[in-house]
Amino acid sequence: RYVGYVEVCWDGQIQQVSFPIPPYANYFKAASRHNFLQTVDLDGPEKRMKQLAKESFDMISEMKSIYENARNSTFYLFMHRNLSSVKQVLYCVVVILNLNLIMEPAIVRDTLGTLYAPNDET
């Protein structure tokens, strides 16, 4: 989980090289990955690696920032992990509130009466 590895061809032999995975790597946003994959130059591996090296600073600083915020605030951590669920719940609440307003005939009548009053003096 905290150790990654790659296989490298060295002197005609394939060797496995291990490296530590930083704890903030779990906070790599899918949107950042998608943005990089959409903008990367696919003409060759050299260009792709240069662009990754160029943009890695921004991606790493973003991951570190999210990691530090999640460590310092339980609310931020909860929102980061459950953002899509929170958005869906809020959307449902808005729909229910709007349906409640629509189904209340007195409010609709007063609102329509205010909007379309023929003797409006304002």
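Predicted model: local features only at pLDDT ≥ 70, side-chain atom pairs only at ≥ 80, totals over all residues.
**Exercise 1.** How many salt bridges does the structure hold, and which residue does E62 meet in one?

*Solution.* 
Step 1. The count for the structure is 3 salt bridges.
Step 2. One of them joins the side chains of E62 and K29, with an N to O distance of 3.6 Å. The cut-off is 4 Å between a side-chain nitrogen of Lys or Arg and a carboxyl oxygen of Asp or Glu, so the pair qualifies.
Step 3. Locate the partners. E62 belongs to helix α2 (residues 45-72), while K29 sits in the loop between β2 (13-20) and α1 (30-39), so the bridge ties together parts that are 33 residues apart in sequence.
Step 4. Check accessibility. E62 has a relative accessible area of 25% and is partly exposed. K29, at 34%, is partly exposed as well.

**Exercise 2.** Which residue forms a salt bridge with E68, and where do the two partners lie?

*Solution.* 
Step 1. The partner is R71; the closest N and O atoms are 3.7 Å apart.
Step 2. E68 and R71 are both in helix α2, 3 residues apart, a separation of about one helical turn.
Step 3. Compare each value with the cut-off of over 50% for exposed. R71, at 56% relative accessibility, is exposed. E68, at 35%, is partly exposed.

**Exercise 3.** How many residues apart are K50 and E46, and are they buried or exposed?

*Solution.* 
Step 1. The side chains of K50 and E46 meet in a salt bridge at 3.4 Å, N to O.
Step 2. Both residues lie in helix α2, with a spacing of 4 residues, about one turn of the helix.
Step 3. K50 and E46 are both exposed.

**Exercise 4.** What is the volume of the largest pocket, and which residues line it?

*Solution.* 
Step 1. The volume of the largest pocket is about 240 Å³.
Step 2. The lining consists of F28, R33, F36, L37, R48, M49, L52, S56, M59, I60 and M63.
Step 3. Assign the lining to elements. Those giving two or more residues are α1 and α2. The largest share, 7 residues, comes from α2.
Step 4. Sort by residue class. The lining of the largest pocket divides into 8 nonpolar, 1 polar and 2 charged residues. Arg counts as charged, so R33 and R48 fall in the charged class.

Note on methods
Residues numbered from 1 in each chain as written. Heavy atoms only, no water. Buried < 20%, exposed > 50% of the residue type's maximum accessible area, 1.4 Å probe, protein only. 1 Å grid on protein atoms, 1.4 Å probe; cavity = no way out; pocket = protein on both sides within 12 Å on 5 of 7 lines; lining within 4 Å. Points joined across faces, edges and corners; volume = space filled by probe spheres on them.
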